[in-house]
Number of protein chains: 2
Amino acid sequence: MSNGFGSTSNARESRQWIYMSVPEGKLTTDIFKLQTIEIPAQPGPGEVLVRNRYLNIMPGNRAYMRMGLIAAGQPMWSLGVGEVLASNDPGFVPGDVVEGLLPWQDVAVVPAQTLGKREGSYPVEHYTGLLGQTGYTAYFGLLHAGQPRAGETVLVSAAAGGVGSLAVQLAKLSGCRIVGIAGGADKCAWLEREVGADATIDYKAGNLAEQLRQTCPDGVDLFFDNVGGPILEAALDAMKVGGRIILCGNASQYDSDQEMLGPKGVPLTLILKNLTMRGFPYKAYEQQFAEAERNLWAWVQDGRIKPFYHVVEGLEQGPTGLVGILSGANRGMAMVRV
Amino acid sequence: MSNGFGSTSNARESRQWIYMSVPEGKLTTDIFKLQTIEIPAQPGPGEVLVRNRYLNIMPGNRAYMRMGLIAAGQPMWSLGVGEVLASNDPGFVPGDVVEGLLPWQDVAVVPAQTLGKREGSYPVEHYTGLLGQTGYTAYFGLLHAGQPRAGETVLVSAAAGGVGSLAVQLAKLSGCRIVGIAGGADKCAWLEREVGADATIDYKAGNLAEQLRQTCPDGVDLFFDNVGGPILEAALDAMKVGGRIILCGNASQYDSDQEMLGPKGVPLTLILKNLTMRGFPYKAYEQQFAEAERNLWAWVQDGRIKPFYHVVEGLEQGPTGLVGILSGANRGMAMVRV
């Protein structure tokens, strides 16, 4: 059937990762299959042909599998950024830089309504990092939801990760004392040396409660949590009366097929200590994305913050990259360069 | 040894409940022992002799046992109200009505610094109910922490209890639609008929998730939770995006010697739905107790709210009364009349 743009004689090939089946337990690369498909040169009505540039890899991708949002037998996808090659929708023209849920392909035909146009002339990788979901999660989660005040003790989990490494810097910018939690002595050293954490906790070294007492002797005012699970449970005991907990992620529980119970201190520790716990989806702040973009970029230009990127080279490395970041391979914001 | 107030020739007898040992599993009356002791007629320096009038019984008393705040082998105590018979402290004179942590006795010598004087001429039972911990917990928890808005759906657990029955009425006063959770069809009928709930859920009838869907088809804006555990877990799934949860109690977990894990949806459901969960100790609002007293009393005088009291007659019935309310015997605020 013709789509009005002529035959598929100009069709091109694209690699495509298929998500074959729901993982049992931890994610492994063998549930993905790389195949080559034919992409029509011209998209159908309301569609856009996109050349993918960067694809986000983050623990949340694994959560989407658990939740069934990524469907078995279908192309793998994640948030990403690309360039419009051809458009059959009035909202886009070739050359536009677009952001959206992109299939893990070199080139893809995508419904226009799932894409957003990115204005500005930032280097394109920033749209999947500093000026995208990762950066905005740190920005709105820490600054807007968290309301850090100078002198406060701020605890950040998964501090060496994409959101975490930025949250550490934004808390520092707010005049706080920062304690970062990460896995391994190397990452902790990096957090103190490069990212600016005042102290760190290596959760792999064990005895989390004692490490929290030593690094936060007066308690935690603000906990920015990316991981949930045992770290959230231990942190509840370390909170000051009246403390705030911003829940940004549950990474400790994503890479599993078990449904876990919550931390022991809910609700009693929250009641006794007058704690507030706030779940935080960055999309809730959509109206203020322009503010975040402007401020984050200005702070980078001033040298006050630094985006740390973990770039996995090549679409063919996507699944390996995702498995890697689930086991904590990355320092900073992780993405696949297509 | 003389205390400067003469001999103990005017000593009087008082009954006294001793909390003998930490309960294993559910609380039973046999861990309490009633004995008769001799009370000096005059208190020592910095002490006050109090005739107990009403003693609070609430699920929280059982929590204090778990937490070791009520010590085995010592007199049982709870928050209560009494009248000063004699004072050896400049802050109190005979006839003062005082509130504080009182031992379960007819008469007791109490450190003056643990007591607060209650002004006003309210019927004395209100200081353990409407104008005390119970009433203030409902008032500040629902109105200040909860910020109910007209038209919202408010869910209240343990809605037939002391805090709950008042919270239902305060939410109604705020123009909300109220769904109350209670145990048993009788209590649910009472909540709808007498207290003003628009709909009720009998959690003992099972299938909590389905009952929540039926009574809150558009979801819950504000959940005022007194019980934690499985009800909190089910309610998380029933919350609207952006909903607020006020945590006032964990009654489902108090009457046990097990330390329970938290609800499944922490943190992921909170993140996905942008929920806020706030622990709420009423003491945090101490500076505004006068406002609560004024408003609650005015609303009672106007007939806009009604304090429901469950009065257990006689000190000798104290343990039976406490065991009773832990199994849900009460409708409204429970207290022992000494």
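Tutor: Residues are numbered from 1 along each chain as written, and chains are lettered from A in the order in which they are written. The model is predicted, and local features need pLDDT of at least 70, side-chain atom pairs count only at pLDDT 80 or more, and totals for chains, interfaces and linings use all residues.

Student: Why is Ser174(A) called partly exposed?

Tutor: A residue is buried if 20 or more other C-beta atoms, placed from the backbone, lie within 10 Å of its own, exposed if 12 or fewer, and partly exposed in between. Ser174(A) has 19 other C-beta atoms within 10 Å, so Ser174(A) is partly exposed. Ser174(A) sits in the loop between helix H3 (162-173) and S10 of chain A; helices (H or I, at least four residues) and strands (E, at least two) are DSSP runs, numbered from the N terminus.

Student: What does Ser174(A) touch, leaving out residues up to four places away in sequence?

Tutor: Pro148(A) and Ala150(A). Contact means that the C-beta atoms of two residues, placed from the backbone, lie within 7 Å.

Student: What makes both faces of strand S9 of chain A count as covered?

Tutor: Thr153(A) and Leu155(A) on one side are buried, and Val154(A) and Val156(A) on the other are buried too. In a regular strand the side chains alternate between the two faces of the sheet.

Student: How do you know that S9(A) pairs with strand S10 (residues 177-182) of chain A?

Tutor: Two strands pair if DSSP finds at least two bridges between them. S9(A) and S10(A) have four bridges and run in the parallel sense, so they meet the definition. Val154(A) has Ile178(A) as its bridge partner in S10(A).

Student: Which strands pair across the two chains, and how many bridges join them?

Tutor: Three bridges join S14(A) to strand S14 (residues 276-279) of chain B, and the two run antiparallel. Met277(A) stands opposite Met277(B).

Student: Why are the two copies said to be related as by a two-fold rotation axis?

Tutor: Copies are superposed by least squares on the C-alpha atoms of residues with pLDDT of at least 70 in both. Chain A is laid on chain B by a turn of 180° and a shift of 0.0 Å along the axis, with an RMSD of 0.1 Å. The copies are thus related as by a two-fold rotation axis. Of the residues of chain A, Gly262(A) comes closest to that axis, with its C-alpha at 2.0 Å.

Student: How do you know that the copies meet through the same surface?

Tutor: 100% of the interface residues of chain A are also interface residues in chain B, so the surface is the same. The contact takes 29 residues from each of chain A and chain B. Helix H8 (268-273) and strand S14 (276-279) of chain A each supply at least two residues of the side that touches chain B, and H8(A) gives the most, with five residues.

Student: Which residues touch the most other members of the largest nonpolar core?

Tutor: Ala235(A) and Ala235(B), of the 207 residues in that core. A nonpolar core is a set of buried Ala, Val, Leu, Ile, Met, Phe, Trp, Tyr and Cys residues joined through C-beta atoms within 7 Å. Leaving aside neighbours within four places in sequence, Ala235(B) is in contact with residues including Leu155(B), Leu212(B) and Phe223(B).
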